[in-house]
Amino acid sequence: MQRMSINGLTLFFDAKDQDAADLISHACKKSTGLIQGCLGLDTPKDCQIHVMTSWPGFMFRSAPWPWKVLLAVTLPVWAFRARNIWPLAGGWAQRYGQRRAVGVKPPRLLQIADKRIGDRIFVREEDIGRKVQSI
C-alpha cells in the first residue's frame with residue numbers, strides 16, 4: 001500500500017492504481033486550496049482518501065484498529081447493503097470517531113459500474129478522469 005500526503009490529507013493506493021492516485025491527488029489539491037483559501041477552513045486532523053477497489057478493503061483499511069473489531073462483529077448487519085451499493089457507487093465517505101475516510105473508485109472500476117441511477121440523478125461526465133476527480 002502506497003501513501004501520499006496532500007495538504008493535510010493522506011491518500012492511500014496500490015501501486016497499480018498510481019494513475020488514479022494522481023487524478024485524485026490533483027482534485028484534492030484543488031479542493032483543499034479552495035476550501036482553505038476561500039473559506040479559511042483547515043482539513044480535518046485525521047482525514048484519509050483511499051483509491052477504493054473493493055468495499056470490504058476500503059472499510060477495513062480505512063478504519064482504526066478498535067473500529068475494525070466492531071466492523072468484523074457487525075459485518076452480517078451491514079455487508080448485504082454495502083455489497084448491493086458497491087456496483088452503483090463511485091465513492092463512499094465514512095466516519096470512524098474523529099477519522100474521516102473517503103473512498104474513490106479508480107477509472108477502470110467506474111467504467112464498468114452500473115450507471116442507470118447516476119445517469120438519472122447527475123450530469124453525465126464522459127471524461128473518466130474528470131469523473132474520478134469530481135467524485
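How many aromatic pairs does the structure hold? The structure holds 5 aromatic pairs, where rings of Phe, Tyr and Trp (its six-membered ring) pair if their centres lie within 6.5 Å. This is a predicted model, in which local features need pLDDT of at least 70, side-chain atom pairs count only at pLDDT 80 or more, and totals for chains, interfaces and linings use all residues. Residues are numbered from 1 along each chain as its sequence is written, and side-chain values use heavy atoms, with hydrogens and water left out.

**View A. Phe 58 and Trp 92 form an edge-to-face pair.** The ring centres are 6.3 Å apart, with 65° between the planes (under 30 degrees counts as stacked, over 60 as edge-to-face, the rest as tilted). Phe 58 belongs to helix α2 (residues 55-62) and Trp 92 to strand β4 (residues 91-96), so the pair ties together parts 34 residues apart in sequence. Helices (H or I, at least four residues) and strands (E, at least two) are DSSP runs, numbered from the N terminus. Both Phe 58 and Trp 92 are buried (buried: under 20% relative accessible area; exposed: over 50%; partly exposed: in between; 1.4 Å probe, protein chains only).

**View B. Phe 60 and Trp 78 form a tilted pair.** Their ring centres lie 6.2 Å apart and their planes are at 45°. Phe 60 is in helix α2 and Trp 78 in helix α3 (residues 65-85), 18 residues apart. Phe 60 is partly exposed, at 23% relative accessible area, while Trp 78 is buried, at 17%. Trp 55, Phe 60 and Trp 78 form one aromatic cluster.

**View C. The charged end of Lys 105 sits over the ring of Trp 86.** The distance to the ring centre is 4.1 Å. A charge sits over a ring if NZ of Lys or CZ of Arg is within 6 Å of the ring centre and within 35 degrees of the ring normal.
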